[in-house]
Amino acid sequence: MELRNSMLLALILVVTCSAVAVAYDPLDPRGNITLKWDIQSWTPDGYVAMVTMNNYQQYRQIMAPGWTLGWSWAKKEVIWSIVGAQATEQGDCSKFKGGIPHSCKHTPSIVDLLPGVPYNQQIANCCRGGVVSAYGQDPAGSVSAFQVSVGLAGTTNKTVKLPKNFTLMGPGLGYTCGPATIVPSTVYWSTDHRRKTQALMTWTVTCTYTQQLASRYPTCCVSFSSFYNSTIVPCARCACGCGAHKSTEGRGGKSHSDGCIMGDSKRALTPGVNTPKKDGAQLLQCTNHMCPIRVHWHVKLNYKDYWRAKIAVTNFNYRMNYTQWTLVAQHPNLNNVTEVFSFQYKPLLPYGNINDTGMFYGMKLYNDLLMEAGPFGNVQSEVLMRKDDSTFTFGQGWAFPRKIYFNGDECKMPPPDAYPYLPNSAPRFPVASTVAAMACLLVLLLLA
């Protein structure tokens, strides 16, 4: 009985530790999205609050169609009005005889407004269609906000009940939000910085991302090649799951949301093939790996004091383009980056002095948009790195990255034993060389 209890306790500890660990990104340990509610004023039956969404993730953004924020009211609160956003449903407001609230739902879902709405519906940092940039790429675009007027609620700090059960879609699954926590009130400075005021009450909610919640399979894969070996190491077969994507060729030309089509087929050129679906279903090009994104790392040139690698990103999804994409690589020689061609580059220092991680992203209005699958669905660049005599080597796959992330999701890497090896290294299959040596020995014995 005691042994059984010990095993049960160990199992609980493993499950608990696993549940905690999956929301932790070792390359961005402090990355999260923080929601902040600042009560600006009291109303006869509630309050007016500014809700601000800050994306503190270094390389993970929220792409179109944007974020959806939800919560549950603690009592019977309603939303009288919103500036800079809107509730997706009004709900049952039949009990109101005079003014009708914007939303009477107990669990409202809020979305950002689209660009170009009238100025009287806008507020600072709103109206980008829910798109929020990564903090490491564009700090100014990593904020989204709206103002909400809440009724049938508390009218003092002691009577206000905090909303609960927060959810964040960004735009799909992946985020888990904690409970609302009261924090010191936000301080505001006047434009001349001579006077400061503060919110009447402030609470925050922290949301963290877990890749396993967003997708059952990886969303990208990595392939390798080098100048010193003719072998091209492809993405692993079914790296992103083959069961969810079946070919739609030969099915009467009808498009299946979970299908794939051959890149050289006529369907790839038909009008509407690039039109996104409301449910976000992908239409992939049929490949061996079945990944929407492939990142290829090619060790290109070797100089006396430098070496050069080429990075190419290919999109195999016909229904998705990637605006303000990000690519994160972990490699020990990124501490000596000399020049990056046609990409922007920013070193990431999650652990202070350890400089082995960097973020690549496109140049604005040049290649910051990765187009849909097809002839233009790729971006590429080269990076020049200075050698460190104490660590540099082409042996044992050292020249290839340890990890690759695309848009914040970790990509599937090839197995280490498949990496291109140096010509003067021992081959992976020494049997042929052994047989050849024995044959040569036999010939010498016969000649003797």
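1. The accessible surface of the protein comes to about 23,900 Å², and 58% of that area belongs to carbon and sulfur atoms; areas were computed by the Shrake-Rupley method with a 1.4 Å probe, and for residues only the protein chains shown count as cover. Of the 448 residues, 44% are buried, where buried means under 20% relative accessible area, exposed over 50%, and partly exposed in between (1.4 Å probe, protein chains only).

2. This is a predicted model, in which local features need pLDDT of at least 70 and side-chain atom pairs count only at pLDDT 80 or more, whereas totals for chains, interfaces and linings use all residues. Residues are numbered from 1 along each chain as its sequence is written, and side-chain values use heavy atoms, with hydrogens and water left out.

3. Confidence is expressed as pLDDT, the predictor's score for each residue from 0 to 100. The protein averages 87, and 86% of the residues score at least 70. Two stretches call for caution. Over residues 7-22 the pLDDT stays under 50, and the model has three contacts there beyond four places in sequence; a contact means heavy atoms within 4.5 Å. Residues 426-436 are also below 50 in pLDDT, with four contacts beyond near neighbours in sequence. Where pLDDT is low, the predicted coordinates should not be read in detail.

4. The secondary structure consists of three helices and 29 strands, taken as DSSP runs numbered from the N terminus (helices H or I, at least four residues; strands E, at least two). Among contacts between residues at least 6 apart in sequence, 69% join residues at least 24 apart.

5. The largest nonpolar core holds 38 residues, of which Trp297, Trp307, Leu327, Phe360 and Phe406 touch the most other members. Such a core is a set of buried Ala, Val, Leu, Ile, Met, Phe, Trp, Tyr and Cys residues joined through side-chain atoms within 4.5 Å. Strands that each supply at least two residues of this core include β14 (220-226), β19 (293-302) and β20 (306-315). Trp297 is in contact with residues beyond four places in sequence, among them Phe224, Trp307, Ile311, Met385 and Phe400. A second, separate core of 35 residues includes Ile33, Ala85, Tyr175 and Tyr209.

6. The whole structure contains 25 aromatic pairs. Rings of Phe, Tyr and Trp (its six-membered ring) pair if their centres lie within 6.5 Å; planes under 30 degrees apart count as stacked, over 60 as edge-to-face and the rest as tilted. The rings of Trp71 and Phe166 are a tilted pair because their planes lie at 40°, with centres 6.0 Å apart. Trp71 lies in strand β3 (residues 68-72) and Phe166 in strand β8 (residues 164-169), 95 residues apart, so the pair links distant parts of the chain. Trp71 is buried at 1% relative accessible area, and Phe166 is buried at 5%.

7. Phe227 and Tyr228 form an edge-to-face pair, because their ring planes lie at 85°, with centres 5.3 Å apart. Phe227 is partly exposed, at 40% relative accessible area, whereas Tyr228 counts as buried at 10%.

8. Gln324 is found in the loop between β21 (322-323) and β22 (326-330). Beyond four places in sequence, Gln324 touches Gln61, Ser133, Gln137, Asp138, Asp368 and Asn407. The C-alpha atoms of Gln324 and Asn407 are 8.8 Å apart, although 83 residues separate the two along the chain. The side chains of Gln324 and Ser133 make a polar contact at 2.9 Å, that is, a pair of N or O atoms within 3.5 Å; within protein, one must be able to donate a hydrogen and the other to accept it, and residues adjacent in sequence count only if both atoms are side-chain atoms.
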